[in-house]
Structure formats: C-alpha cells, structure tokens
Amino acid sequence: MAKKRRPQTKAAAPQIKDGEIPVVGAREPCPCGSGRRYKACHGRSAAHAVTELVQRPFEGLRGECDWVALRELVPAATVELKLKDGLPEGVPSVTLATVLPMAWPALRRDNGAVLLGLQNDTASGDLSRDLADTLRRALAAEPGTPVAAERAAADGPRLQDLLDPAAPFEPQVHSGFEFWVEDAENATGEVAASLERANAAAIPTARLDGLEGAYWCETPEKNHLRWVMDHPEEKLLDALARLHAAGTSSLGEGTRLVGSFRAHGLVVPVWDLPSGTGADDVAKPAAAFAERLAAALATDAPLTAEERRARGGLTNRQVTLS
C-alpha cells in the first residue's frame, strides 16, 4: 500500500500577507511558502490583475483626449511632463514622445533627461500602469541608456499617481523625428539614415489650437480631421446623428463627416476634407461645429426616424482602434 502523503498544516507555511508577496518568475517557487510554482499560486491573481483591460487608461489625466490622439493618431509629437513629487536629482526633464528610436519604451539621455515612448506594445491591459512602470525605471536608469519593456507589478502605480494633476498637457506636434537626438543637424551614418526613413513615413499632422483632441492630417488623396472627444459614447453618437440628419455635420464646402474610431474608451469622429484644405482653413469651421455639437448634446428628445438612420450609418462605419 502506498504511503499516504502527510497533509501540510497551515503553520508550516510562512504567514505572509498577499500584498507583501513579491513578483517572481512563473516557474519559481511561490514566495508564500506553499510549495507550488508561482504561476499556479499567487501568480494567478497577479496575472489576472495585470491583464484585465482598462477601457479608459488615461481617464483622470489632464488632456485625456490628447493622450489618446498621441497614442493612436499622431506620428511625431512631444509633451513636457511634470511629476507630483518633482524631478529627481540628475533628471533635468521628463518628456512624453509619441515614439522613440527602435521602439524603445523609454530613453535616458546622456544629460539625464528622460524620454517616455507612448506608442509601444504593453504587457498588461492597463496602459497607464505599464507607462508608469517604464517611467519609474527610466528615472533610475543610467544616463545614456534605453529602457527595455518589462511586466509591471499588479499593484504598481499608474500615471495618475505619478503626474502632477495641475500641470497643463500641451502637445507639440513635429514635422519629423529630430527630437530623437540632441544634435539632429549634425547626425551622420545610421542615425541620419534612421531619421530619414522615419521622417519619410510620417503623415503631415497638425493640432487645432483651442480644440482638445482635434488633429488635421494630410494624405495623398484627401485630408482629414480626426477629433478625439470625451463625451459619453451613446450621447455623442445621438448628437452627431442629429447634426448629420439636419445637414449641419460638415465643416464647410467639400467636407463630410464619414464615420468614427473608438480608441481607449473614447469616440473619434472623422471628417474628409478636400486636399487643398489645411489646418488653418478648418480651425474656424471646427470651432463653429463645436458650438453646434454642444447644443445637440443638450437635447434629450427622442431621435426621429431620419436621425436614427443617420445614427445607424455612423455606427456601421465605426472602427475600433484599441
């Protein structure tokens, strides 16, 4: 007869609270002392916590609409970030960048300045937590080194915990990626070639002054206005349908509201513009549209049959980016 396994008593395992259990490799013994591998013990709850999708990762940050635009729509842009507790010694500045060379998550420059890349794949379902973890590691990195991607702890801070909530969020859109290097004019060799390739692929883009989340872009066949809005989705679609049915959803002659994206919990209406329409040309019509939209958002009357058809058309042309 096989010998019975002696049951392990609770006293045999160290009494460690869940919040104190460190993150280790999936195949390593769990630090709680259970004798099981981490992935089969406390790693289960940790993995669930970091993979659970956060629909609006930038909610609560200043400029949420611009955060979404820079993540999904804008090729080259930077924003100076302010930290709640100020900059650590030896770090003269922290700058958010749409993308960095080699798709690095972050970079600590030779002078100690930190660049944080926004357009990167992340390890969990909470983009804000992943970016905050990268930022913390960049602040402590050796000057002159890039920061690699890592899985953030499930209970780690988010951007909302690290950034100064009172600081403005003011994107600066660039025509190219010269901000990658400190002396772009004198770049040579592979650095110069990399910059040339990146600049050639970038779509000309401009932010409309005074309209958060509104970005004009130029493509070979026609131009577009893509406008990230933080209104509740159902209410916004109703309002857009009212304007579309009334013939007031355009931004002037030759322009047309063609549909919308959905990105990080927000809706992004998109207009087609004639190829000759620049960012300055569309600024005033867009501001006037914002006033019409505000009036439509304030209306609670049921949609008419024509407005429901317009709404159906907009919904059918909606594309989810994230």
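**Reading burial in a predicted model**

A: Of the 322 residues in the protein chain, 44% count as buried. Buried means under 20% relative accessible area, exposed over 50%, and partly exposed in between (1.4 Å probe, protein chains only).

Q: What should I know about the model before we go on?
A: It's a predicted model: local features need pLDDT of at least 70, side-chain atom pairs count only at pLDDT 80 or more, and totals for chains, interfaces and linings use all residues. Residues are numbered from 1 along each chain as its sequence is written, and side-chain values use heavy atoms, with hydrogens and water left out.

Q: How many helices and strands are there?
A: Helices (H or I, at least four residues) and strands (E, at least two) are DSSP runs, numbered from the N terminus. Here the protein chain has 8 helices and 12 strands.

Q: Is serine 128 buried or exposed?
A: Serine 128 is buried, because its relative accessibility is 0%. You'll find serine 128 in helix 3 (residues 127-140).

Q: Which residues does serine 128 touch?
A: Contact means heavy atoms within 4.5 Å. Leaving out residues up to four places away in sequence, serine 128 touches Pro57, Arg158, Leu159 and Gln160. A polar atom of the serine 128 side chain also lies 2.9 Å from the backbone nitrogen of leucine 159.

Notes:
A polar contact is a pair of N or O atoms within 3.5 Å; within protein, one must be able to donate a hydrogen and the other to accept it, and residues adjacent in sequence count only if both atoms are side-chain atoms.
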